[in-house]
Amino acid sequence: MNAVSAVFRREFAAYFATPIAFVFLVIFLVAMGVFTFYVGHYFDMGVADLTVFFSYHPWLYLFLMPALAMRLWAEEKRSGSIELLLTLPLPVWATVLGKFLAAWAFAGLALFLTFPVWLTTLYLGAPDNGVVLASYIGSLLMAGTYLAIGAAVSAATTNQVIAFVAAVAVCFLFTAAGAPIVMESLSGWAPAPLVEAVASFSFLTHFSAITEGVIDLRDAIFFLSLTSLFLFANMLIVESGKGG
Amino acid sequence: MLEIDSLTKRFDAVTAVAGLCLTVRPGEVLGFLGPNGAGKTTTMKMVTGFLVPDGGAARICGHDIVTDTLAAQKTLGYLPEGAPAYGEMTPREFLGFIADVRGLSAVAASAACELAVARTSLESVFDRPIETLSKGFRRRVGLAQAILHDPEVLILDEPTDGLDPNQKHAVRDLIRLLSPAKTIVISTHLLEEVEAICSRAIIIDKGRIVADGTPAELAARGPNGKLDDLFRGLTSSDVSGAAA
């Protein structure tokens, strides 16, 4: 575990060593605010709950999480520090996990700083705090999956811009799998089991199940297992790089 | 102790390292010579576990680098080509991270950092971000990182590249100081460096060893008793075609 924590601490500190942390947090919070209060018409709803706030998370994460993950590996490969990292006595899985956890912890910090939205709702009415907590946990789990996708894509390239764009594309597939645009284009011709299978991979479906207060372990397991899968892919990509 | 046994690496159609065999014993300082593209860096990358060989094996203090990677890497100090580091970190933070990864206790880490910093004369830049340092300082940060845990085997890829004559002299003194107890391999283009600090030199060309002996023995084999004559005679140069 020492290996994981050493990588984690270096990587987490790296976010704060440059203005990246500050810029990201500001954009994250402003975007959250704009979508909740302006686009989502939170005050016009007349309902004191956070459904509107959480409903935009998948779409915001679609861009913000790849932005957090894009430098994790691509930057190491570009600067050559990957050679140092991979010749230190660190198991590859520990490096992969440490980097991922650093990005996830940073995303968790950004999510935590949205608490004024919750306070506003508390001031205006009586939201179901159990649902709010479940939604926050669900949002964090979903952020982890986006980050794991971003990290795996980042390991496959030396260019951060490519890492970002490709990760957004992959994340979009998973986000939109259950959206009408995909469902309608499939349901006309594809066999029903295929349509259901595609829909079952949708982040929107799983996340909205959590935010509606139906705390189903299966939705949590969905995000955790998909995260593990992409971290494993990340490890394989790093290992395969050693082949030259 | 470093044992290399028929080490081979191919990149597509090009064989970068072709069945290299070599044993370096404690107390030896081996100068690894060869023109650009001869396979020096590729060999070092395989020996340190950054690249997986296509054939053959390398053992560091008896630990196979492919099957027992972490044990081998623990006994190893490595300065990769170009001395990559994390630019946003200061030498203090960077060496702290390396000590962390190497599993040094807090007390041992601060003593090791102090010694490494004194040996590489980094005191004046200890708290400045590495990316703002001159090439010479960056190289010495890489050296400090490599010697931090007092490794049994030191592999240094062009340790004096980019240093001014005074700094070169200091690094050579350091290598001489460390050499009695350690197995040291340095790659270099500078033939006078080999004559100054190496107890043994090998010249490689197209991934094969073409000469092996003490610098004096090799120099005696040259037409005028000079090492660079032998070097030019034995290695293929990509400029010879243009000159002819």
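Reply: What follows is a walk through the contact between the chains, then a look at the parts behind it.

Keep in mind that this is a predicted model. Start with the contact as a whole. On one side, 26 residues of chain A take part, and they touch 26 residues of chain B. Together the chains bury about 2300 Å² between them. Carbon and sulfur atoms give 65% of that area. Charged pairs are there too: three salt bridges run between chain A and chain B. Over all chains, the count is 19 salt bridges.

Now take the cross-chain pairs one at a time.

Begin with A:Arg9 and B:Asp100. Their side chains form a salt bridge, with N and O 2.9 Å apart. This pair crosses from helix 1 of chain A to helix 3 (residues 91-101) of chain B. How covered are the two partners? A:Arg9 is partly exposed, because its relative accessibility is 43%. B:Asp100 has 18%. The cut-off for buried is under 20%, so B:Asp100 counts as buried.

Next comes B:Glu88 with A:Arg10. B:Glu88 sits in the loop between strand 6 (76-79) and helix 3 of chain B, while A:Arg10 is in helix 1 of chain A, so this pair joins two chains. The closest N and O atoms of the salt bridge are 3.1 Å apart. A:Arg10 is buried, because its relative accessibility is 7%.

The remaining pair is A:Glu83 with B:Lys45. Here the closest N and O atoms are 3.9 Å apart. A salt bridge needs these atoms within 4 Å, so the pair counts as one. A:Glu83 belongs to helix 7 (residues 81-87) of chain A and B:Lys45 to helix 1 (residues 40-47) of chain B, so this pair also joins two chains. A:Glu83 is buried, with a relative accessible area of 7%.

Go back to A:Arg10 and follow the charges. A:Arg10 and B:Glu88 belong to a network of salt bridges.

A:Lys99 deserves a stop. It lies in helix 8 (residues 92-112) of chain A. Is A:Lys99 buried or exposed? It is buried, because its relative accessible area is 1%. Which residues does A:Lys99 touch, leaving out those up to four places away in sequence? They are A:Val7, A:Glu11, A:Leu72, A:Trp73, A:Glu76 and A:Leu85. The chain also brings A:Ala13 into the picture. A:Lys99 and A:Ala13 are 86 residues apart along the chain, yet their C-alpha atoms are separated by 11 Å.

A:Val39 is in helix 2 (residues 20-39), and it is partly exposed because its relative accessibility is 37%. Just after helix 2, A:His41 takes a positive phi of about 50 degrees.

Methods: Residues numbered from 1 in each chain as written. Chains lettered and ligands numbered in written order. Predicted model: local features only at pLDDT ≥ 70, side-chain atom pairs only at ≥ 80, totals over all residues. Heavy atoms only, no water. Helix = DSSP H or I, 4+ residues; strand = E, 2+ residues; numbered from the N terminus. Buried < 20%, exposed > 50% of the residue type's maximum accessible area, 1.4 Å probe, protein only. Contact = heavy atoms within 4.5 Å. Buried area = accessible area lost by both parts, 1.4 Å probe.
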